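This report describes the fold and the metal site of a single protein. The sequence and the structure are shown first, and the description follows.

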Amino acid sequence: MILEILKFPDPFLKTKAVPVEKVDDGIKKIIDDMTETMYKAKGIGLASVQVGVDKRVIVLDVPGDGDGERVQGRNLIALVNPEIVSSEGQTIYEEGCLSVPGITADVERFSRLKVRALDREGRPFEVSAEGLFAIALQHEIDHIDGVLFIDRLSRLKREMIKRKIKKALEAEEKAL
Ligand code: NI
C-alpha cells in the first residue's frame, strides 16, 4: 500500500519515534508499505515518521558506486530500532528529502559508521556503512528522532529555507 509522505512543516515530522518491542506482522506490513512508498517516490531511503508512524523503522535502497544502472531492490535494507554503535570521519554531501521537496543543502555527517538493528524477521544484525549509504543511514535515523536535514544547518541558512518554503506554499494556495 502506498502511504502519504508528510511534508514540512507538518508537526508530526518532529516526532521522536519509540522502539519496536516485537517485529510482528504489523511491523512487517509497515516495512513493506514503506518500501513500496519509497520506490514510488523514487527515494533512496524512507523513515516511519515521514509516513505518520511513531515506531523506529527505516528502509533504504542506496545505489552502490560500482552498481551501474539502478536495479530496484538490489541494496534494499530494512532496519528496526537502528542504533549507531560507532562512527568516524566527516563528510559533506548535498542532501535532499522527500519531506522537504525542492530543497537541497550541504550537510555534514560521519563518513563511516556501524549500525546495529533488527531485520524484517526480528533478528539482530550489524552493518558497516560508508559513502552515500552512511549518509543516508544518518539522514533516516535522524528522521525517527524527529530531526530533518534542514535542522542540521546554520540558523541563518535554515531560516532562509523555511521562508522559501513558506512563500512557495502561499503561492500554491493562491494559485487558481
Ligand atoms: Ni528525508
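## Helix H2

The expected span of a helix is 1.5 Å times one less than its number of residues. In this predicted model, helix H2 has 13 residues and reaches 19 Å from its first C-alpha to its last, close to the 18 Å expected at 1.5 Å a residue.

Helix H2 is mostly covered, with ten of its 13 residues buried. The buried residues of H2 are Ala134, Ile135, Ala136, Leu137, Gln138, His139, Glu140, Ile141, Asp142 and His143.

## The nickel site

Three protein side chains donate to the nickel ion: Cys97 through SG, and His139 and His143 each through NE2. These donors lie 2.1 to 2.3 Å from the ion.

His139 and His143 are both part of helix H2 (residues 131-143), where they are four residues apart, about one turn of the helix. An α-helix has 3.6 residues a turn, so residues three or four places apart point the same way. Both His139 and His143 are buried.

## The sheet

Five strands make up an open sheet, in the order E1-E2-E3-E6-E7, with antiparallel pairing. Strand E1 (45-47) and strand E7 are at the edges; each has a single partner strand, so one side of each is left without a neighbour in the sheet. On average, neighbouring strands are turned by 40° against each other, direction ignored.

Strands E3 and E6 run antiparallel and are joined by six bridges. Within this part of the sheet, Ser86 stands opposite Lys114 in E6, and Val80 has Leu118 in E6 as its bridge partner. Strands E6 and E7 also run antiparallel, joined by seven bridges. Here the bridge partner of Arg116 is Glu126 in E7. Five residues lie between the strands in the hairpin of E6 and E7, and in this hairpin Gly122 takes a positive phi near 85°.

Strand E6 has two faces. Leu113, Val115 and Ala117 form the covered face, whereas Arg112, Lys114, Arg116 and Leu118 form the uncovered one.

## Helices against the sheet

Helix H1 (residues 25-40) lies across E1, E2 and E3, and runs at about 40° to E2. Helix H2 also packs on the sheet, where it touches E1, E2, E3, E6 and E7. The direction of H2 makes about 125° with that of E7.

## Nonpolar cores

Which residues of the largest nonpolar core touch the most other members? Of the 18 residues in this core, they are Ile58, Leu60, Leu79, Val115, Leu137 and Ile144. At least two residues of the core come from each of strand E2 (57-61), strand E3 (76-88), strand E6 (112-118), strand E7 (124-130) and helix H2. The largest share, four residues, is supplied by H2.

Leaving aside residues up to four places away in sequence, Ile58 touches Met34, Leu46, Ala47, Ile77, Ala78, Leu79, Pro82, Leu137, Glu140, Ile141 and Ile144. A second, separate core has 17 residues, among them Val20, Met38, Tyr39 and Val59.

## The segment before H1

Ile5 is in the segment before H1. Buried residues are those under 20% relative accessible area, and Ile5 is buried because its relative accessible area is 11%. Not counting residues up to four places away in sequence, the contacts of Ile5 are Thr37, Ala41, Leu46, Gln50, Val51, Leu98 and Ser99. Ile5 and Met160 are 155 residues apart in sequence and 23 Å apart in space, C-alpha to C-alpha.

Lys22 also has its place in the segment before H1. Is Lys22 buried or exposed? The cut-off for an exposed residue is over 50%; Lys22 has 60% relative accessibility and therefore counts as exposed. From C-alpha to C-alpha, Lys22 and Arg56 are 11 Å apart in space, with a separation of 34 residues in sequence.

Methods. Residues are numbered from 1 along each chain as its sequence is written. This is a predicted model: local features need pLDDT of at least 70, side-chain atom pairs count only at pLDDT 80 or more; totals for chains, interfaces and linings use all residues. Side-chain values use heavy atoms; hydrogens and water are left out. Donors are N, O and S atoms within 2.8 Å of the metal (3.2 Å for Na, K and Ca); water is not among the atoms, so sites may look incomplete. Buried means under 20% relative accessible area, exposed over 50%, partly exposed in between (1.4 Å probe, protein chains only). A nonpolar core is a set of buried Ala, Val, Leu, Ile, Met, Phe, Trp, Tyr and Cys residues joined through side-chain atoms within 4.5 Å. Contact means heavy atoms within 4.5 Å. Two strands pair if DSSP finds at least two bridges between them. Axes are lines fitted to C-alpha atoms, for helices over the stretch in contact, and angles run from 0 to 180 degrees between N-to-C directions.
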